[in-house]
Amino acid sequence: MITRSDIQMDNRFGAKRFRWFFTGIAVAVLTATVPAHGQGDATTAGPIEGRQSIDHSFRMEVLNSINKATGWLASVQNEGGFWSQAEYPALTGLVLMAFAGEPSGKAVQRHKDAVNRGYDYLLSNLQPDGGIYNTDAPAPLENYNTAVCLTALVFANRPELDPHILRARNYLVGLQNAGGVGYNKTGSSDLSNTVLALEALHYSRNHVQRDRSPELEAVKDLDWKAAIEFIESCQNLPEVNTREWVSSAPEDRGGFVYSPTESKAGERTVEGTDGKEQTALRSYGSMTYAGLLSYIYADLEKSDPRVTAAADWLRSNYSLEENPGMGEQGLFYYYHLMAKALNAYCEDKPLQLKDGSTVQWRRDLALRLISLQDGATGSWVNENGRWWEKDPVLVTAYATIALEILYRGL
(Lines give C-alpha, C1' and ligand atoms only; values in the text may rest on other atoms or scores of the structure.)
Protein backbone atom coordinates (compact mmCIF):
# COMPACT_ATOMS: atom_id res chain seq x y z
CA MET A 1 0.00 0.00 0.00
CA ILE A 2 1.33 3.42 -0.95
CA THR A 3 0.94 6.23 1.55
CA ARG A 4 1.53 9.93 1.04
CA SER A 5 4.56 9.70 3.30
CA ASP A 6 6.11 7.24 0.85
CA ILE A 7 6.13 9.93 -1.84
CA GLN A 8 8.73 12.66 -2.18
CA MET A 9 6.88 15.82 -3.11
CA ASP A 10 9.74 18.33 -3.18
CA ASN A 11 10.61 18.23 -6.87
CA ARG A 12 12.23 21.44 -8.07
CA PHE A 13 13.45 22.42 -11.49
CA GLY A 14 17.12 21.84 -12.15
CA ALA A 15 18.34 20.36 -8.86
CA LYS A 16 18.77 16.72 -9.85
CA ARG A 17 16.54 16.56 -12.90
CA PHE A 18 16.99 13.49 -15.07
CA ARG A 19 19.69 11.82 -13.04
CA TRP A 20 18.38 8.49 -14.38
CA PHE A 21 16.83 9.69 -17.62
CA PHE A 22 19.92 9.63 -19.82
CA THR A 23 22.00 6.91 -18.18
CA GLY A 24 23.83 5.03 -20.91
CA ILE A 25 21.95 6.76 -23.71
CA ALA A 26 23.83 8.32 -26.63
CA VAL A 27 22.76 11.60 -28.17
CA ALA A 28 19.37 11.15 -29.84
CA VAL A 29 16.40 13.19 -30.85
CA LEU A 30 14.11 13.64 -27.86
CA THR A 31 16.68 11.87 -25.66
CA ALA A 32 19.26 14.61 -25.32
CA THR A 33 19.32 18.32 -24.65
CA VAL A 34 20.42 19.18 -28.19
CA PRO A 35 20.99 16.66 -31.00
CA ALA A 36 24.60 16.49 -32.13
CA HIS A 37 25.10 16.39 -35.86
CA GLY A 38 27.88 14.48 -37.57
CA GLN A 39 28.63 12.26 -34.58
CA GLY A 40 30.63 9.70 -36.52
CA ASP A 41 29.58 7.06 -39.00
CA ALA A 42 25.97 5.93 -38.80
CA THR A 43 26.90 2.27 -38.48
CA THR A 44 28.73 2.90 -35.22
CA ALA A 45 27.18 6.09 -33.81
CA GLY A 46 25.50 5.83 -30.46
CA PRO A 47 26.19 2.30 -29.10
CA ILE A 48 25.33 1.80 -25.46
CA GLU A 49 28.36 1.49 -23.23
CA GLY A 50 28.83 -2.06 -22.03
CA ARG A 51 26.60 -3.63 -24.69
CA GLN A 52 27.79 -7.14 -25.46
CA SER A 53 26.97 -7.15 -29.16
CA ILE A 54 25.55 -4.86 -31.82
CA ASP A 55 23.45 -6.12 -34.71
CA HIS A 56 24.91 -3.88 -37.39
CA SER A 57 22.75 -5.43 -40.09
CA PHE A 58 19.52 -4.60 -38.26
CA ARG A 59 20.73 -1.11 -37.39
CA MET A 60 21.36 -0.48 -41.09
CA GLU A 61 17.84 -1.71 -41.84
CA VAL A 62 16.42 0.77 -39.34
CA LEU A 63 18.61 3.56 -40.71
CA ASN A 64 17.41 2.79 -44.23
CA SER A 65 13.81 3.06 -43.03
CA ILE A 66 14.57 6.43 -41.43
CA ASN A 67 16.28 7.77 -44.55
CA LYS A 68 13.40 6.70 -46.79
CA ALA A 69 11.04 8.52 -44.44
CA THR A 70 13.05 11.76 -44.35
CA GLY A 71 13.39 11.63 -48.14
CA TRP A 72 9.62 11.34 -48.50
CA LEU A 73 9.03 14.15 -46.01
CA ALA A 74 11.36 16.45 -47.95
CA SER A 75 9.45 15.67 -51.15
CA VAL A 76 6.06 16.71 -49.77
CA GLN A 77 6.97 20.09 -48.30
CA ASN A 78 4.67 22.89 -49.41
CA GLU A 79 5.95 25.97 -51.22
CA GLY A 80 5.37 28.08 -48.14
CA GLY A 81 7.89 26.01 -46.20
CA PHE A 82 5.32 24.19 -44.09
CA TRP A 83 4.21 20.57 -44.01
CA SER A 84 0.62 19.37 -44.22
CA GLN A 85 -1.36 22.38 -42.87
CA ALA A 86 -0.12 25.95 -42.61
CA GLU A 87 -2.58 26.66 -39.78
CA TYR A 88 -0.80 24.25 -37.45
CA PRO A 89 2.96 24.86 -37.29
CA ALA A 90 3.39 21.93 -34.87
CA LEU A 91 3.13 19.60 -37.86
CA THR A 92 6.15 21.31 -39.38
CA GLY A 93 7.92 21.25 -36.03
CA LEU A 94 7.56 17.47 -35.79
CA VAL A 95 9.01 17.03 -39.28
CA LEU A 96 11.98 19.27 -38.43
CA MET A 97 12.65 17.16 -35.34
CA ALA A 98 12.65 14.07 -37.53
CA PHE A 99 15.32 15.64 -39.77
CA ALA A 100 17.38 16.75 -36.75
CA GLY A 101 17.37 13.30 -35.18
CA GLU A 102 18.51 11.26 -38.19
CA PRO A 103 21.34 9.22 -36.64
CA SER A 104 24.06 9.82 -39.23
CA GLY A 105 23.57 13.58 -38.95
CA LYS A 106 23.38 13.83 -42.73
CA ALA A 107 19.65 14.41 -43.24
CA VAL A 108 19.82 18.09 -42.27
CA GLN A 109 22.55 18.68 -44.86
CA ARG A 110 20.97 16.46 -47.50
CA HIS A 111 17.69 18.33 -47.18
CA LYS A 112 19.18 21.66 -46.17
CA ASP A 113 16.87 23.81 -48.28
CA ALA A 114 13.74 22.09 -46.98
CA VAL A 115 14.95 22.37 -43.39
CA ASN A 116 15.80 26.06 -43.74
CA ARG A 117 12.42 26.81 -45.33
CA GLY A 118 10.75 24.91 -42.50
CA TYR A 119 12.46 26.96 -39.83
CA ASP A 120 11.68 30.18 -41.69
CA TYR A 121 8.04 29.13 -41.64
CA LEU A 122 8.14 28.43 -37.90
CA LEU A 123 9.62 31.87 -37.25
CA SER A 124 6.85 33.45 -39.32
CA ASN A 125 4.43 32.16 -36.67
CA LEU A 126 6.13 33.92 -33.76
CA GLN A 127 3.60 35.98 -31.85
CA PRO A 128 4.16 39.12 -29.74
CA ASP A 129 3.27 37.16 -26.60
CA GLY A 130 6.13 34.72 -27.28
CA GLY A 131 3.94 31.89 -28.47
CA ILE A 132 4.40 30.09 -31.79
CA TYR A 133 1.01 29.55 -33.39
CA ASN A 134 -1.12 30.74 -36.28
CA THR A 135 -3.77 33.31 -35.40
CA ASP A 136 -5.69 32.50 -38.60
CA ALA A 137 -6.30 28.90 -37.56
CA PRO A 138 -9.89 27.99 -36.67
CA ALA A 139 -8.48 26.85 -33.33
CA PRO A 140 -4.93 28.15 -32.75
CA LEU A 141 -4.08 25.38 -30.23
CA GLU A 142 -1.57 27.70 -28.63
CA ASN A 143 0.10 25.22 -26.29
CA TYR A 144 0.23 22.30 -28.73
CA ASN A 145 1.83 24.40 -31.44
CA THR A 146 4.16 26.39 -29.18
CA ALA A 147 5.41 23.35 -27.27
CA VAL A 148 6.26 21.32 -30.36
CA CYS A 149 7.76 24.29 -32.22
CA LEU A 150 9.84 25.31 -29.19
CA THR A 151 11.37 21.83 -29.07
CA ALA A 152 12.07 22.02 -32.80
CA LEU A 153 13.84 25.37 -32.34
CA VAL A 154 16.03 23.88 -29.63
CA PHE A 155 16.96 21.02 -31.94
CA ALA A 156 18.07 23.47 -34.64
CA ASN A 157 21.07 24.19 -32.39
CA ARG A 158 21.32 27.79 -33.65
CA PRO A 159 22.37 30.39 -31.05
CA GLU A 160 20.50 33.15 -32.87
CA LEU A 161 17.25 31.39 -31.95
CA ASP A 162 17.88 31.69 -28.20
CA PRO A 163 15.72 34.82 -27.67
CA HIS A 164 12.77 33.13 -29.40
CA ILE A 165 13.30 29.95 -27.38
CA LEU A 166 13.28 31.86 -24.10
CA ARG A 167 10.19 33.88 -24.99
CA ALA A 168 8.35 30.73 -26.07
CA ARG A 169 9.41 29.02 -22.86
CA ASN A 170 8.04 31.87 -20.76
CA TYR A 171 4.83 31.77 -22.79
CA LEU A 172 4.38 28.05 -22.06
CA VAL A 173 4.92 28.57 -18.34
CA GLY A 174 2.19 31.20 -18.44
CA LEU A 175 -0.28 28.68 -19.84
CA GLN A 176 -0.21 26.53 -16.69
CA ASN A 177 -3.75 26.17 -15.41
CA ALA A 178 -4.70 24.17 -12.30
CA GLY A 179 -1.26 22.56 -12.41
CA GLY A 180 -1.51 21.21 -15.94
CA VAL A 181 -1.67 22.69 -19.40
CA GLY A 182 -4.47 22.62 -21.98
CA TYR A 183 -4.70 23.75 -25.56
CA ASN A 184 -4.80 27.36 -24.37
CA LYS A 185 -4.83 29.42 -21.20
CA THR A 186 -8.57 29.33 -20.62
CA GLY A 187 -9.25 25.73 -21.64
CA SER A 188 -9.19 22.82 -19.24
CA SER A 189 -5.86 21.04 -18.78
CA ASP A 190 -5.20 17.56 -20.10
CA LEU A 191 -2.32 15.12 -19.88
CA SER A 192 -1.59 15.09 -23.62
CA ASN A 193 -0.97 18.84 -23.74
CA THR A 194 0.83 18.73 -20.40
CA VAL A 195 3.42 16.18 -21.49
CA LEU A 196 4.20 18.26 -24.59
CA ALA A 197 4.71 21.37 -22.47
CA LEU A 198 6.89 19.55 -19.94
CA GLU A 199 8.95 18.09 -22.77
CA ALA A 200 9.55 21.51 -24.30
CA LEU A 201 10.51 22.97 -20.92
CA HIS A 202 12.95 20.13 -20.38
CA TYR A 203 14.74 20.48 -23.71
CA SER A 204 14.98 24.25 -23.38
CA ARG A 205 16.31 24.19 -19.81
CA ASN A 206 19.94 24.82 -20.79
CA HIS A 207 18.88 27.97 -22.62
CA VAL A 208 17.77 29.39 -19.29
CA GLN A 209 21.21 28.76 -17.83
CA ARG A 210 23.01 30.35 -20.78
CA ASP A 211 20.65 33.30 -21.23
CA ARG A 212 22.64 35.95 -23.07
CA SER A 213 19.69 38.26 -23.74
CA PRO A 214 19.45 40.88 -20.98
CA GLU A 215 16.64 42.62 -22.82
CA LEU A 216 14.34 39.67 -22.16
CA GLU A 217 11.91 39.66 -19.29
CA ALA A 218 12.86 37.56 -16.28
CA VAL A 219 12.88 33.84 -17.00
CA LYS A 220 9.85 32.16 -15.49
CA ASP A 221 9.56 28.65 -14.14
CA LEU A 222 6.72 26.24 -13.86
CA ASP A 223 5.04 25.48 -10.56
CA TRP A 224 6.41 21.94 -10.51
CA LYS A 225 4.59 20.90 -7.34
CA ALA A 226 1.27 21.84 -8.95
CA ALA A 227 2.30 20.07 -12.16
CA ILE A 228 2.97 16.84 -10.26
CA GLU A 229 -0.37 17.13 -8.50
CA PHE A 230 -2.06 17.50 -11.87
CA ILE A 231 -0.30 14.39 -13.23
CA GLU A 232 -1.46 12.50 -10.13
CA SER A 233 -5.02 13.65 -10.79
CA CYS A 234 -4.98 11.72 -14.07
CA GLN A 235 -3.67 8.47 -12.57
CA ASN A 236 -5.82 5.54 -11.50
CA LEU A 237 -4.07 5.24 -8.17
CA PRO A 238 -6.33 5.76 -5.13
CA GLU A 239 -3.39 6.32 -2.76
CA VAL A 240 -2.67 9.65 -4.47
CA ASN A 241 -5.91 10.36 -6.34
CA THR A 242 -9.11 10.48 -4.28
CA ARG A 243 -11.50 11.49 -7.06
CA GLU A 244 -14.73 9.51 -7.24
CA TRP A 245 -13.99 8.12 -10.70
CA VAL A 246 -10.73 6.39 -9.68
CA SER A 247 -11.06 2.72 -10.50
CA SER A 248 -10.72 -0.10 -7.99
CA ALA A 249 -10.34 -2.60 -10.84
CA PRO A 250 -6.88 -4.23 -10.92
CA GLU A 251 -6.76 -3.78 -14.70
CA ASP A 252 -6.81 0.01 -14.27
CA ARG A 253 -4.46 0.40 -11.32
CA GLY A 254 -1.49 2.67 -12.04
CA GLY A 255 -2.66 3.61 -15.52
CA PHE A 256 -3.67 7.05 -16.73
CA VAL A 257 -6.62 8.82 -18.29
CA TYR A 258 -6.81 11.91 -20.50
CA SER A 259 -7.78 14.45 -17.86
CA PRO A 260 -9.10 14.59 -14.29
CA THR A 261 -12.61 14.31 -15.71
CA GLU A 262 -12.29 12.19 -18.87
CA SER A 263 -10.88 9.00 -20.32
CA LYS A 264 -10.89 8.56 -24.08
CA ALA A 265 -11.16 4.82 -23.32
CA GLY A 266 -14.51 5.33 -21.64
CA GLU A 267 -15.86 4.03 -18.36
CA ARG A 268 -16.42 0.80 -16.49
CA THR A 269 -18.59 -0.15 -13.54
CA VAL A 270 -16.70 -1.21 -10.42
CA GLU A 271 -17.48 -1.92 -6.81
CA GLY A 272 -16.87 1.05 -4.56
CA THR A 273 -15.41 1.03 -1.06
CA ASP A 274 -18.95 1.05 0.31
CA GLY A 275 -19.84 -2.09 -1.63
CA LYS A 276 -22.02 -0.19 -4.09
CA GLU A 277 -21.44 0.03 -7.82
CA GLN A 278 -19.71 3.15 -9.10
CA THR A 279 -18.57 4.48 -12.46
CA ALA A 280 -14.81 4.50 -13.00
CA LEU A 281 -12.64 5.82 -15.83
CA ARG A 282 -10.61 3.23 -17.73
CA SER A 283 -6.83 3.50 -18.05
CA TYR A 284 -5.34 3.28 -21.54
CA GLY A 285 -2.01 2.91 -23.27
CA SER A 286 -1.00 6.20 -24.85
CA MET A 287 -1.95 8.26 -21.80
CA THR A 288 -0.15 5.89 -19.46
CA TYR A 289 3.06 6.34 -21.45
CA ALA A 290 2.36 10.08 -21.35
CA GLY A 291 1.91 9.90 -17.58
CA LEU A 292 5.12 7.94 -17.05
CA LEU A 293 7.01 10.38 -19.24
CA SER A 294 5.48 13.36 -17.41
CA TYR A 295 6.68 12.01 -14.08
CA ILE A 296 10.15 11.62 -15.57
CA TYR A 297 10.14 15.21 -16.84
CA ALA A 298 9.02 16.28 -13.35
CA ASP A 299 12.11 14.57 -11.89
CA LEU A 300 10.47 11.82 -9.88
CA GLU A 301 12.75 8.96 -8.91
CA LYS A 302 12.49 5.70 -10.81
CA SER A 303 11.62 4.02 -7.50
CA ASP A 304 8.81 6.48 -6.71
CA PRO A 305 5.56 4.53 -6.09
CA ARG A 306 3.69 6.63 -8.66
CA VAL A 307 6.30 5.80 -11.30
CA THR A 308 6.41 2.11 -10.45
CA ALA A 309 2.60 1.90 -10.51
CA ALA A 310 2.54 3.37 -14.02
CA ALA A 311 5.31 1.03 -15.14
CA ASP A 312 3.45 -1.95 -13.66
CA TRP A 313 0.33 -1.07 -15.66
CA LEU A 314 2.45 -0.90 -18.82
CA ARG A 315 4.08 -4.25 -18.00
CA SER A 316 0.61 -5.79 -17.73
CA ASN A 317 -0.65 -4.18 -20.94
CA TYR A 318 2.38 -4.31 -23.21
CA SER A 319 1.25 -4.44 -26.83
CA LEU A 320 2.56 -3.60 -30.28
CA GLU A 321 -0.69 -4.59 -31.98
CA GLU A 322 -2.87 -1.87 -30.53
CA ASN A 323 -3.06 1.16 -28.29
CA PRO A 324 -4.34 -0.71 -25.21
CA GLY A 325 -7.85 0.37 -24.42
CA MET A 326 -8.16 2.26 -27.72
CA GLY A 327 -7.45 -0.31 -30.44
CA GLU A 328 -6.24 1.33 -33.65
CA GLN A 329 -7.12 4.83 -32.45
CA GLY A 330 -4.05 6.99 -31.91
CA LEU A 331 -1.79 4.00 -32.64
CA PHE A 332 1.22 5.92 -33.96
CA TYR A 333 1.01 8.53 -31.21
CA TYR A 334 1.10 5.53 -28.86
CA TYR A 335 4.23 4.14 -30.57
CA HIS A 336 5.83 7.61 -30.44
CA LEU A 337 5.24 7.96 -26.69
CA MET A 338 6.19 4.35 -26.08
CA ALA A 339 9.63 4.85 -27.64
CA LYS A 340 10.27 7.99 -25.57
CA ALA A 341 9.01 6.64 -22.27
CA LEU A 342 10.64 3.19 -22.42
CA ASN A 343 13.88 4.76 -23.61
CA ALA A 344 13.85 6.82 -20.43
CA TYR A 345 12.56 4.13 -18.10
CA CYS A 346 14.33 1.00 -19.40
CA GLU A 347 17.31 2.67 -21.11
CA ASP A 348 19.04 -0.18 -23.01
CA LYS A 349 17.48 -2.98 -20.94
CA PRO A 350 14.69 -5.37 -21.93
CA LEU A 351 11.30 -4.78 -20.36
CA GLN A 352 10.17 -7.36 -17.85
CA LEU A 353 6.46 -8.03 -18.18
CA LYS A 354 4.05 -8.78 -15.37
CA ASP A 355 4.14 -12.53 -16.10
CA GLY A 356 7.92 -12.59 -15.60
CA SER A 357 8.84 -12.81 -19.27
CA THR A 358 11.00 -10.17 -20.93
CA VAL A 359 10.68 -8.41 -24.27
CA GLN A 360 13.31 -6.75 -26.42
CA TRP A 361 11.09 -3.73 -26.80
CA ARG A 362 13.51 -1.68 -28.91
CA ARG A 363 13.93 -4.31 -31.57
CA ASP A 364 10.29 -5.39 -31.46
CA LEU A 365 8.94 -1.86 -31.85
CA ALA A 366 11.42 -1.08 -34.62
CA LEU A 367 10.36 -4.23 -36.49
CA ARG A 368 6.72 -3.32 -36.03
CA LEU A 369 7.23 0.16 -37.46
CA ILE A 370 9.27 -1.11 -40.40
CA SER A 371 6.55 -3.66 -41.20
CA LEU A 372 3.93 -0.88 -41.33
CA GLN A 373 5.98 1.46 -43.54
CA ASP A 374 4.92 1.95 -47.17
CA GLY A 375 7.79 0.37 -49.06
CA ALA A 376 7.25 2.50 -52.15
CA THR A 377 7.13 5.94 -50.53
CA GLY A 378 8.76 5.48 -47.11
CA SER A 379 5.74 7.01 -45.37
CA TRP A 380 3.28 5.75 -42.76
CA VAL A 381 -0.44 6.34 -42.27
CA ASN A 382 -3.09 5.00 -39.91
CA GLU A 383 -6.28 3.84 -41.59
CA ASN A 384 -8.06 4.88 -38.41
CA GLY A 385 -8.24 8.66 -38.69
CA ARG A 386 -8.76 9.49 -35.01
CA TRP A 387 -6.55 12.38 -33.87
CA TRP A 388 -5.46 13.26 -37.43
CA GLU A 389 -3.71 9.94 -37.99
CA LYS A 390 -4.86 9.69 -41.60
CA ASP A 391 -2.41 12.52 -42.21
CA PRO A 392 0.73 10.76 -43.52
CA VAL A 393 2.95 13.72 -42.61
CA LEU A 394 1.96 13.59 -38.95
CA VAL A 395 2.17 9.81 -38.73
CA THR A 396 5.47 9.64 -40.64
CA ALA A 397 6.99 12.19 -38.28
CA TYR A 398 5.79 10.18 -35.26
CA ALA A 399 7.23 6.94 -36.65
CA THR A 400 10.52 8.47 -37.80
CA ILE A 401 11.23 10.09 -34.43
CA ALA A 402 10.41 6.80 -32.70
CA LEU A 403 12.82 4.87 -34.94
CA GLU A 404 15.56 7.42 -34.31
CA ILE A 405 15.19 6.92 -30.57
CA LEU A 406 15.17 3.14 -30.96
CA TYR A 407 18.16 3.08 -33.31
CA ARG A 408 20.69 4.38 -30.83
CA GLY A 409 19.93 1.67 -28.30
CA LEU A 410 20.00 -1.24 -30.74
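Is Tyr398 buried or exposed, and what relative accessibility does Tyr398 have? At 9% relative accessibility Tyr398 counts as buried, where buried means under 20% relative accessible area, exposed over 50% and partly exposed in between, with a 1.4 Å probe and protein chains only. The legends below describe a predicted model, in which local features need pLDDT of at least 70 and side-chain atom pairs count only at pLDDT 80 or more, while totals for chains, interfaces and linings use all residues. Residues are numbered from 1 along each chain as its sequence is written, and side-chain values use heavy atoms, with hydrogens and water left out.

View A. The largest pocket holds about 570 Å³ of space, a volume being the space filled by probe spheres set on grid points that are joined across faces, edges and corners. A pocket is an open set of points on a 1 Å grid over the protein atoms alone, where a 1.4 Å probe fits, with protein on both sides within 12 Å along at least five of seven lines, and lining residues have an atom within 4 Å of a point. Of the 31 lining residues, Tyr144, Tyr183, Ser192, Tyr333 and Tyr398 lie nearest the centre of the pocket. Helix H7 (191-203) is one of the helices that supply at least two lining residues, and the largest share, 6 residues, comes from H7; helices are DSSP runs (H or I, at least four residues) and strands likewise (E, at least two), numbered from the N terminus.

View B. The whole structure contains 10 aromatic pairs, for which rings of Phe, Tyr and Trp (its six-membered ring) must have centres within 6.5 Å, with planes under 30 degrees apart counted as stacked, over 60 as edge-to-face and the rest as tilted. Phe256 and Tyr295 have ring centres 5.8 Å apart and planes at 65°, so the pair is edge-to-face. Phe256 is buried at a relative accessible area of 0%, and Tyr295 likewise counts as buried at 0%. The pair of Tyr333 and Tyr398 is tilted, with 5.8 Å centre to centre and 40° between the planes, and links helix H12 to helix H14 across 65 residues.

**View C. Surroundings of Phe332.** Ring pairs link Phe332 with Tyr289, Tyr334 and Tyr335 into a cluster. Beyond its neighbours within four places in sequence, Phe332 is in contact (heavy atoms within 4.5 Å) with residues including Leu369, Trp380, Val395 and Tyr398.
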